Amino acid sequence: MNETKPKVGVMAIALGAYFPQFSGLKENLTNQHQKVLGKFGNEYQIISAGMVDSMESSAKAGKLFAENDVDVVFCQTTTYSTSSNLLPAVKDLEVPVVLLNIQHVTALDMDKTTKIDQWLGDGFSCGCVPEMVAVLRRLGKRCDVITGYLEGDQAVDREIDKWCKAAAVRRRFRTTSLGLVGRPYPGMMDLYVDETRLFSDLGVFTEMLDWEDLVQSYQDVDKESIKKQSEKILSTFEVSGNIPEKELEYLSASVCGLEKLAKQKNLSAIASHYTANVSEEVGKLIAVLNPAYSMLIGQNVACAVEGDMKVALAMSILKNIGGTGTLAELYSMDFDDDICLIGHSGSGDPAISGQKPLLKYSEVFHGKAGGGYLTQFYPKLGEITGLALTQNEDGSYKMVVAEGINEDGPVLKLGDTNCRARFNIGLREYVNRWSLSGPTHHFALAAGSQIDALKCVSSILNIPLEIICSNK
């Protein structure tokens, strides 16, 4: 929902002095660059500056990138080039530069490589890479290097895709809004934010919403849409007991209304909380909000309870780079098995569940007013990643990440998501290190190992990443 394509700047560099000397060299390098361009999928908006072989053409590339507000720049080093052919293109940009050190062949044939232009065109992409990094750092530019060969190198393809997905986070933050409904849970001061600072540091605009906005959104939903949504809900959840038809219709209408509101307000995330003094209509909505939000999370709109805007953004980051992102917190400790239970009461991401999640009615929402439906998800076994978006003493933002293994075993069946996470530093050390990093109460949980991709996000957003532990 509200999909955003990152704007990816791509260029190739070479030394213009070579081209008059060696017939066909420019054509060879240009053809290689066209194949590199083919490595970028249709889900990315490519801003191509072509072959850059002089300061003048580099300046034109820089103007093109700036006018299009690119989220990252990929520069293919096709052969040796002076750094003066790169710097004008990126001097005024505040985004990372990724050097594509992609050699034409896996190895030169030493007996058949008898001409200088063969070496320059097929086996000299690495020659200028150290120089480029040296000058980029002197200019204060964030940079990285991807090294490999042109045809069939899947490692290169994965690295390019990883950076593009990280760029999608920046584009999404800059072009969509975070909806705040109500305010953070009273007294949870770690959740409080300065919305202006949020916009300044991360580019995220906060759309202030009232509960009545949510109520109004589903008033005119048609019956056919409600029917289709009901089918989706029943195919997503295993219902404990029977859900009355009227309540299922109301839940379905609420999901349709939230979808419409997210589109109208251009929301990529929502954080909400309510007080005990709500209207009857708002109370009805709150009772079905957990499954309703879960359906929205499944469509890449991160939804967080207790008004936690930062965890909503952390969920959005993981969802965009890794395909899953659900709400979590430290849930309990098992010292007998050296396991930390991780989970949360509330909405979750259907994509993270290894089995059909449970929809269960509860008479009480602990710590909150009223009762309603709980959703219990079962995170997939194997590698997991926890991500917190938090703030330093000066208010600046940072990310905190920890990887572990979700192991099979008993979990609580209260209607809340919880899983058994093992960390290679042990339970005590994990809880201590995680807590001392200063994360908020909540964090986002994803399936798989996401640290490498988060390093790219850290560079793209220009905020530090603190690693507590890694599976590698």
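In which kind of crossing does α6 pass α13? The crossing is right-handed; in such a crossing the near helix is turned clockwise from the far one by less than a right angle, and in a left-handed one anticlockwise. This is a predicted model, in which local features need pLDDT of at least 70 and side-chain atom pairs count only at pLDDT 80 or more, while totals for chains, interfaces and linings use all residues. Residues are numbered from 1 along each chain as its sequence is written, and side-chain values use heavy atoms, with hydrogens and water left out. Helices (H or I, at least four residues) and strands (E, at least two) are DSSP runs, numbered from the N terminus.

**The five-stranded sheet**

- Five strands form an open sheet in the order β2-β1-β3-β4-β5, and their pairing is parallel. Two strands pair if DSSP finds at least two bridges between them.
- The edges are held by β2 (45-52) and β5 (143-149), each with a single partner strand, so one side of each has no neighbour in the sheet.
- From one strand to the next, the twist averages 20 degrees. Axes are lines fitted to C-alpha atoms, for helices over the stretch in contact, and angles run from 0 to 180 degrees between N-to-C directions.
- Strands β1 (residues 7-13) and β3 (residues 72-77) run parallel and are joined by six bridges. Gly9 stands opposite Val73 in β3.
- Helix α1 (residues 25-37) lies across β1, β2, β3 and β4 (97-103). Its direction is at about 170 degrees to β2.
- Helix α6 lies across β1, β3, β4 and β5. It runs at about 150 degrees to β5.

**The four-stranded sheet**

- A sheet of four strands is also open, with the order β7-β6-β9-β10 and parallel pairing.
- Its edge strands are β7 (205-209) and β10 (302-304), each pairing on one side only.
- The twist here averages 20 degrees from one strand to the next.
- Five bridges pair β6 (residues 177-181) with β9 (residues 267-272) in the parallel sense. Leu180 stands opposite Ala271 in β9.
- Helix α13 (residues 309-322) lies across β6, β7, β9 and β10. It runs at about 150 degrees to β10.

**Helix pairs**

- Two packed helices are described by the angle between their axes and the distance between the axes.
- Helix α6 (residues 154-175) packs with α13 at an angle of about 140 degrees, and their axes are 8 Å apart.
- The two are therefore oblique to each other. Angles under 35 degrees count as roughly parallel, over 145 as roughly antiparallel, 65 to 115 as roughly perpendicular and the rest as oblique.
- On the α6 side, Lys165, Ala166, Val169, Arg172 and Phe173 meet Leu313, Ser316, Ile317, Asn320 and Ile321 of α13. Contact means heavy atoms within 4.5 Å.
- The residues of this α6 and α13 contact divide into six nonpolar, two polar and two charged. Ala, Val, Leu, Ile, Met, Phe, Trp, Tyr, Cys and Pro count as nonpolar, Asp, Glu, Lys and Arg as charged, and the others, Gly among them, as polar.
- Helices α9 (residues 223-236) and α10 (residues 245-264) cross at roughly 105 degrees, with axes that come within 8 Å. They are therefore roughly perpendicular to each other.
- Among the contact residues are Ile226 and Ile233 of α9, and Leu248 and Val255 of α10.
- The contact of α9 with α10 divides into eight nonpolar, four polar and two charged residues.

- Nine of the eleven residues of α15 (residues 451-461) are buried, so the helix is largely enclosed by the rest of the structure. Buried means under 20% relative accessible area, exposed over 50%, and partly exposed in between (1.4 Å probe, protein chains only).
- The buried residues include Ile451, Leu454, Val457 and Leu461.
- Most residues other than glycine have a negative phi.
- Glu306 sits in the loop between β10 and α13. It is buried, with a relative accessible area of 8%.

**Ala134**

- Ala134 is in helix α5 (residues 129-138). With 38% relative accessibility, Ala134 counts as partly exposed.
- Ala134 and Ser83 are 51 residues apart along the chain, and 9.2 Å separates their C-alpha atoms.
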